[in-house]
Amino acid sequence: MALACSTAALAQTPSQDAAAAASTAWLTGLSAPINLNGTLAKVHESGKVAIGYRDSSIPFSYLDARGKPIGYSIELCKSLVQAFQFAVHKPLEITWVPVTSATRFEAITSGKADLECGSTTSNRERQKTVAFSPTFFVAGTKLLVRKGSPVRDYTQLKGKKVAVTAGTTNEKTLNDLSQRFKLNLQIMSMRDHAESFAQVTSGAADAFATDDVLLYGLIAQTPNGRSQYAVVGDFLSYDPYGVMFRKDDPQLAKLATQAFQALAGDGEIERQYKRWFQRRLPSGQTLNLPMSPQLEVILESLAATQKE
């Protein structure tokens with residue numbers, strides 16, 4: 001079921017004018033196409049942008065206590081919608097489309113969603129069927145276990161049950177490791193991250209393997225989580241996140257790249273990072289996760305390109 005709302009940047013009250021001008025200053029770095037095609041033509045005609053969101057990818061894309069999509073990725077996608085509006089010269093309404101790890105790709109390719117705003121890794125295999133914005137986060141696969149567990153890395157999982165979320169790069173990583181090192185892992189593929197996490201909390205699985213930042217987010221959202229669970233082991237993969245959209249849409253690809261370059265140059269991506277990773281979340285918890293050196297370099301490169 002899709003939810004609809006209007007974008008906040010479109011109808012400002014007089015008291016919001018100064019703040020609105022500051023928050024949209026980065027739009028001056030964009031160029032609007034003369035003739036619309038692809039996704040931009042679609043949203044111009046409908047007056048709507050369909051955004052695929054996740055319900056438990058904390059703090060990227062998840063639901064607050066009122067059932068409203070929030071998070072780091074969600075805020076960046078709202079900025080992309082502002083770029084859409086700039087390009088099509090009209091206000092646009094956001095329609096929220098729930099997706100899972102397993103359904104997110106079909107949602108984009110079928111046209112159900114125009115953007116997927118969650119915690120999706122951009123890699124060569126996926127780029128054969130969909131397209132991605134520039135990288136806005138860098139993560140890697142790690143393991144979540146109950147405190148007191150003897151498991152400290154993947155080599156100690158031999159013959160054990162490991163939960164993964166279906167359709168993720170983490171699922172593939174664990175299958176590959178199991179075959180390569182003859183670990184005989186009992187891999188449990190679940191619908192979403194919340195279900196995967198529940199396998200560990202209930203004792204059904206010995207570990208949950210996914211991106212480290214998502215594991216820290218789940219722990220932060222769990223009462224007394226830090227005293228009950230631990231993230232262990234070395235990184236098992238490298239996972240750069242991007243906003244996903246339809247492939248073979250050069251007009252949208254150019255707009256998304258320009259938008260991320262402008263947002264990096266304006267400092268908005270860094271501001272949103274601090275908001276969601278270093279300050280108190282709506283739940284009251286704090287991740288206290290400094291920006292990685294890899295992401296710092298990526299944002300500096302985007303900002304430098306925007307200034308050229």
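**A guided walk through the model**

Let's begin inside, with the residues that line the largest cavity: one is nonpolar, nine are polar and four are charged. Keep in mind as we go that this is a predicted model. The structure holds one cavity of 30 Å³ or more, and the space in the largest cavity comes to about 70 Å³. Its lining is made up of 14 residues, and those nearest the centre are Arg-104, Ser-119, Thr-168, Asn-170 and Asp-211. If you want to find the elements around it, look to helix 5 (169-180) and strand 13 (207-211), each of which supplies at least two lining residues.

From the cavity we can turn to an open space. The second largest pocket has a volume of about 300 Å³. It is lined by 13 residues, with Asn-123, Glu-125, Thr-169, Lys-172 and Thr-173 closest to its centre. By class, this pocket's lining has two nonpolar, five polar and six charged residues.

Next, have a look at helix 7, which spans residues 212-221. How many of its 10 residues are buried? Eight are, so helix 7 is largely enclosed by the rest of the structure. The buried ones are Asp-212, Val-213, Leu-214, Leu-215, Gly-217, Leu-218, Ile-219 and Ala-220.

Leu-144 gives us another view of this region. It belongs to strand 10, residues 141-146, and is buried, with a relative accessible area of 0%. Leaving aside residues up to four places away in sequence, Leu-144 touches Phe-197, Val-200, Asp-206, Ala-207, Phe-208, Leu-215, Ile-219, Tyr-229 and Ala-230. Two of these contacts, Leu-215 and Ile-219, are among the buried residues of helix 7. Asp-212 is 68 residues away from Leu-144 along the chain, yet their C-alpha atoms are separated by 8.5 Å.

Now for two helix pairs. Helix 9 (residues 250-266) and helix 10 (residues 268-278) pack with their axes 5 Å apart, at an angle of about 70°. Angles of 65 to 115 degrees count as roughly perpendicular, so that word describes helix 9 relative to helix 10. Phe-260, Leu-263, Ala-264 and Asp-266 of helix 9 make this contact with Glu-268, Ile-269 and Arg-271 of helix 10. The contact has four nonpolar, no polar and three charged residues.

The other pair is helix 2 (residues 38-46) and helix 3 (residues 72-88), whose axes come within 10 Å and cross at roughly 80°. These two helices are therefore also roughly perpendicular to each other. Here Thr-39, Leu-40, Val-43 and His-44 of helix 2 meet Phe-84, Ala-87 and Val-88 of helix 3. This contact comprises five nonpolar, two polar and no charged residues.

Let's finish with the backbone. Most residues other than glycine have a negative phi, and most peptide bonds are trans. Which peptide bond is cis? The one joining Ile-58 and Pro-59, where omega is about 0°. Pro-59 sits in the loop between strand 3 (56-57) and strand 4 (61-63).

Positive phi values are found at Asn-184, near 55°, and at Asp-248, near 60°. Asn-184 lies in the loop between helix 5 and strand 12 (186-190), while Asp-248 lies in the loop between strand 16 (244-246) and helix 9.

Notes. Residues numbered from 1 in each chain as written. Predicted model: local features only at pLDDT ≥ 70, side-chain atom pairs only at ≥ 80, totals over all residues. Heavy atoms only, no water. Helix = DSSP H or I, 4+ residues; strand = E, 2+ residues; numbered from the N terminus. Buried < 20%, exposed > 50% of the residue type's maximum accessible area, 1.4 Å probe, protein only. Contact = heavy atoms within 4.5 Å. 1 Å grid on protein atoms, 1.4 Å probe; cavity = no way out; pocket = protein on both sides within 12 Å on 5 of 7 lines; lining within 4 Å. Points joined across faces, edges and corners; volume = space filled by probe spheres on them. Nonpolar A, V, L, I, M, F, W, Y, C, P; charged D, E, K, R; others polar. Axes fitted to C-alpha atoms, helices over the stretch in contact; angles between N-to-C directions. Parallel < 35°, antiparallel > 145°, perpendicular 65-115°, else oblique.
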